[in-house]
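Please walk me through this model, starting with its strands and ending with the ligand.

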Amino acid sequence: MNPIWKQFLVKAVPLLGLCWFLGYLGFATAGWLLAVLALSWWLLRWVTAAARVWNWSADFAVSKVPHVDGWWEDLVARIYRLQKERQQQLERQTNEAAELRHMIQALPEGVLTLDQDNHILWCDPTAAHHLALDPGRDLGLSIINLVRHPDFVNYIRAHREGRQPDAMVKIPGPFPGAILSVQLLDYGRAQRLLLTRDISQWEKLDIMRRDFIANVSHELKTPLTVIAGFLETLSEHTLPVEQQAHFLALMSEQSQRMQGLVEDLLTLSSLESGGDQASEDQVAMDQLLAQVERDACSLSQGRHTMNFTFERGLNLRGNEQELLSALGNLVSNAIRYTPDGGAIHVRWARQQGTQGASFSVQDSGIGIEAQHIPRLTERFYRVDRSRSRESGGTGLGLAIVKHVLMRHQARLEVKSTLGKGSTFSAEFPAHRTVAADGDGQA
Ligand code: ADP
């Protein structure tokens, strides 16, 4: 039953009954007096409670619940409960909205919403940064008045007019060399979501991939053309034996060049697919350096003064084959770029300061101009293309060295003076060194 009726029945009916009974017994005045007093007392309490509830109704704040009793208390409890539920629901919705906002902000993409007339409704910081917008100032403005790149404007207009635009458009980003991809998606009632993504890195990789394929094709094309030319001459003409032998020698030289290139490409590809870190096997450097020395002497054939200073028992943790290839490359470069009669000094020693180890190759060769040094480890970068080819270079040697060193957390240092010579040093960190037959650092 409704509590108001219930309380009326429980309290008022017996009281009014009592008043009537007093009248019935002949005390009519007393009965009336009691009825008037009781009704006045009730009215006063009603008005006080109603005034308190009225004041509370300004905001129904759950922290300011009024003190009332009787059925007013039930009414206030009811409002309180509803208000509490509404507050909890509001808090839940606010938290969900905040989480959604954080989630959007964590995305690598920028997100921006537009109405059907291209006015900005909302914009997250990433999109604002990508499109150089100020969310405080630019909300409500038309996006095509703020981002004026023609490809962008055409894309947005095509979408707005229902023409079939491309899935996305590429436009220059906020700083030099940056490229953005922008994509528009429909959602809700005539609203649109604009996604912006920084694709500079992908574009750079794509250019590198295209350049790499062009370089490899070019490198293979030259020897192949030479071989094809000789083969044609040999098949169409009867040449003296000495000339045939000369042509065959030249063809063999070209095929060796191609073989060298393919081997270097395979080495690079296996390095790239081998993860970021080289293994931690102990490499016996005494043996490895002896091999480097033998190879160097055989390549130089006594044309240079070779000098080797190797600290014994100073081993590395790493991959033996990779290290042999990298260190051998530095020595072979020194021999190939040092004219006959020059001097080459190869050292392997502990570094006093860092407790690491250093492999350095110093030559008295042709040297390198300073502007070329930062680019030497790029694939196919050569200071003098014809000299590199003549000496059997593929243009990939230092790229391989850089990769191997990176996988051993080592770095390459190059010092050179044009016409005087160069020093290439591979600096290994302390944690990669180990004393021969020991478990700890060397
Ligand atoms: P390449 O097969 O052409 O030698 P590398 O990657 O080993 O390719 O070296 C890149 C370029 O660096 C070489 O073409 C050469 O111009 C330069 N270079 C490397 N080592 C030396 C050196 N010791 N002295 C002079 N130039 C060098």
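Two strands are taken to pair if DSSP finds at least two bridges between them. Helices (H or I, at least four residues) and strands (E, at least two) are DSSP runs, numbered from the N terminus. This is a predicted model, in which local features need pLDDT of at least 70 and side-chain atom pairs count only at pLDDT 80 or more, while totals for chains, interfaces and linings use all residues. Residues are numbered from 1 along each chain as its sequence is written, and side-chain values use heavy atoms, with hydrogens and water left out.

Strand β1 (residues 110-114) is joined to strand β5 (residues 191-198) by five bridges, and the two run antiparallel. Here Leu 114 stands opposite Arg 192 of β5. Strand β4 (residues 179-187) also runs antiparallel to β5, with eight bridges between them. β4 and β5 form a hairpin with three residues between them, and Gly 188 in the turn has a positive phi of about 55°.

Three bridges connect strand β8 (residues 314-317) with β13, and the bridge partner of Leu 314 in β13 is Ala 435. Contact means heavy atoms within 4.5 Å.

Another open sheet has five strands, ordered β7-β9-β10-β12-β11, and its pairing is mixed. The edge strands are β7 (305-310) and β11 (411-417), each with a single partner strand, so one side of each lacks a neighbour in the sheet. On average, neighbouring strands of this sheet are turned by 10° against each other, direction ignored. β7 and strand β9 (residues 343-350) run parallel and are joined by six bridges; in β9, Trp 348 is the bridge partner of Phe 310. α11 packs on the sheet, touching β7, β9, β10 (357-363), β11 and β12, and its direction makes about 20° with that of β10.

Which residues are closest to the ligand? They are Arg 336, Tyr 337, Ser 388, Gly 395 and Leu 398, out of 20 residues that surround the ligand, each with a heavy atom within 4 Å of it. Asn 333 has a side-chain N or O atom 2.9 Å from an oxygen atom of the ligand. For Arg 336, a polar side-chain atom lies 2.7 Å from a ligand oxygen atom, and for Ser 388 the distance from a polar side-chain atom to a ligand oxygen atom is 2.6 Å. The protein covers 98% of the 520 Å² of accessible area that the ligand has on its own, with areas from the Shrake-Rupley method and a 1.4 Å probe; for residues, only the protein chains shown count as cover.

The elements that give two or more residues to the shell around the ligand are α11 (320-336), α13 (397-407) and β12 (421-428). α11 gives the most, with three residues. By class, the shell has 10 nonpolar, seven polar and three charged residues; Ala, Val, Leu, Ile, Met, Phe, Trp, Tyr, Cys and Pro count as nonpolar, Asp, Glu, Lys and Arg as charged, and the others, Gly among them, as polar.

Methods: Polar contact = N/O pair within 3.5 Å; in protein donor to acceptor, adjacent residues only side chain to side chain. Axes fitted to C-alpha atoms, helices over the stretch in contact; angles between N-to-C directions.
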